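User: I have a chain open here and want to go through it step by step. Can you help me read it?

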Amino acid sequence: MFPTGVVAVCAMDEGKPVGMAVNSFSSVSLEPALVSVCVANTSSTWPRLKKSANIGLSVLGADQESLSRKLSSRHGDRFEGVEWTVNDDGALFIEGATLWLDCRVHDQLRGGDHEIILFEVLQSHLFPQVPPLVFHQSKYLGLAHAS
Ligand SMILES: Cc1cc2nc3c(=O)[nH]c(=O)nc-3n(C[C@H](O)[C@H](O)[C@H](O)COP(=O)(O)O)c2cc1C
């Protein structure tokens, strides 16, 4: 019942893009700038992502529902037809997102069947003209003004 955004957590691994969609993203601290994401202990993508010096977090835009599905699918190429860019530290960002955060793992905490990843935000790039994708009750929505 808690509405969230959807964040693509992506990096390069052995010359190939890797990534996953998450909705457990949260802001944590301002000084230092920290955000968190919870990753399932069963994830096969996270062990690949965490090898990268930096990891890119892209807050998906309202028209990126199919991309969210793609980045969570267990079959096929998650990046087929996806436009992305990568920085010198291996952080990968999705074109058309509303926010890019260039992050480095700051700490990891055990959280039951998930791992709580604390990321330090090194740089951010905002695209305020792009409305965000909203995930609520297992459905994808857009934002609407409260009346
Ligand atoms: C909207 C949405 C939110 C998700 N949020 C999370 C999350 O917060 N943490 C997580 O571990 N997986 C989350 N997933 C699942 C992953 O995207 C992916 O399916 C999972 O990591 C399994 O693939 P893997 O073995 O490649 O990691 C989410 C999927 C969707 C569609």
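**Walking through the chain**

Analyst: Start with Phe-119, which is placed in strand S9. Strands (E, at least two residues) and helices (H or I, at least four residues) are DSSP runs, numbered from the N terminus. This is a predicted model, in which local features need pLDDT of at least 70 and side-chain atom pairs count only at pLDDT 80 or more, while totals for chains, interfaces and linings use all residues. Residues are numbered from 1 along each chain as its sequence is written, and side-chain values use heavy atoms, with hydrogens and water left out.

User: Is Phe-119 buried or exposed?

Analyst: Phe-119 is buried, with a relative accessible area of 0%. Buried means under 20% relative accessible area, exposed means over 50%, and partly exposed is in between (1.4 Å probe, protein chains only).

User: What does Phe-119 touch?

Analyst: Leaving out residues up to four places away in sequence, Phe-119 touches a list of residues that includes Val-9, Leu-34, Trp-46, Ile-55, Cys-103 and His-106. Contact means heavy atoms within 4.5 Å.

User: And how far apart are Phe-119 and Val-18?

Analyst: Their C-alpha atoms are separated by 17 Å, and the two residues are 101 residues apart along the chain.

User: Let's zoom out. How many helices and strands does the chain have?

Analyst: There are two helices and eleven strands. From the N terminus on, the order is β-β-β-β-α-β-α-β-β-β-β-β-β. The radius of gyration is 14 Å, close to the 15 Å that the globule rule gives for 147 residues, so the chain is as compact as a globular protein of that length. That radius is taken over C-alpha atoms, and the globule rule is 2.2 Å times the number of residues to the power 0.38.

User: What share of the residues is buried?

Analyst: Buried residues make up 40% of the 147 residues. As for contacts, among those between residues at least 6 apart in sequence, 63% join residues at least 24 apart.

User: Back to aromatics. How many aromatic pairs are there?

Analyst: Rings of Phe, Tyr and Trp (its six-membered ring) pair if their centres lie within 6.5 Å; planes under 30 degrees apart count as stacked, over 60 as edge-to-face and the rest as tilted. By this rule there are four aromatic pairs. In one of them, Phe-93 and Trp-100, the ring centres are 5.1 Å apart and the planes are at 25°, so the pair is stacked.

User: Are those two buried or exposed?

Analyst: Phe-93 is buried, at 7% relative accessible area. Trp-100 counts as buried too, at 12% relative accessibility. Trp-100 also pairs with Phe-127: their ring centres are 4.9 Å apart and their planes are at 70°, so that pair is edge-to-face. It links distant parts of the chain, with Trp-100 in strand S8 (residues 99-111) and Phe-127 in the loop between strand S9 (114-126) and strand S10 (134-136), 27 residues apart. Phe-93, Trp-100 and Phe-127 form one aromatic cluster.

User: What is Asn-87 in contact with?

Analyst: Apart from neighbours within four places in sequence, Asn-87 is in contact with Phe-93 and Asp-102. Asn-87 is found in the loop between strand S6 (84-86) and strand S7 (92-94). At 22% relative accessibility, Asn-87 counts as partly exposed.

User: New topic, the backbone. Which residues does a cis peptide bond join?

Analyst: The cis bond joins Glu-31 and Pro-32, with omega about 5°. Pro-32 is in the loop between strand S3 (26-29) and strand S4 (34-40). For background, most peptide bonds are trans, and most residues other than glycine have a negative phi.

User: Which residue has a positive phi of about 50° although it is not a glycine?

Analyst: That is Glu-14. Glu-14 lies in the loop between strand S1 (7-13) and S2, and counts as exposed at 71% relative accessibility. Ser-138, also not a glycine, has a positive phi of about 60°. Ser-138 lies in the loop between S10 and strand S11 (139-141) and is exposed, with a relative accessible area of 62%.

User: Last one. Where is Lys-16?

Analyst: Lys-16 is found in strand S2 (residues 16-22). Lys-16 counts as exposed, at 54% relative accessibility. Lys-16 and Phe-79 are 63 residues apart in sequence and 9.5 Å apart in space, C-alpha to C-alpha.
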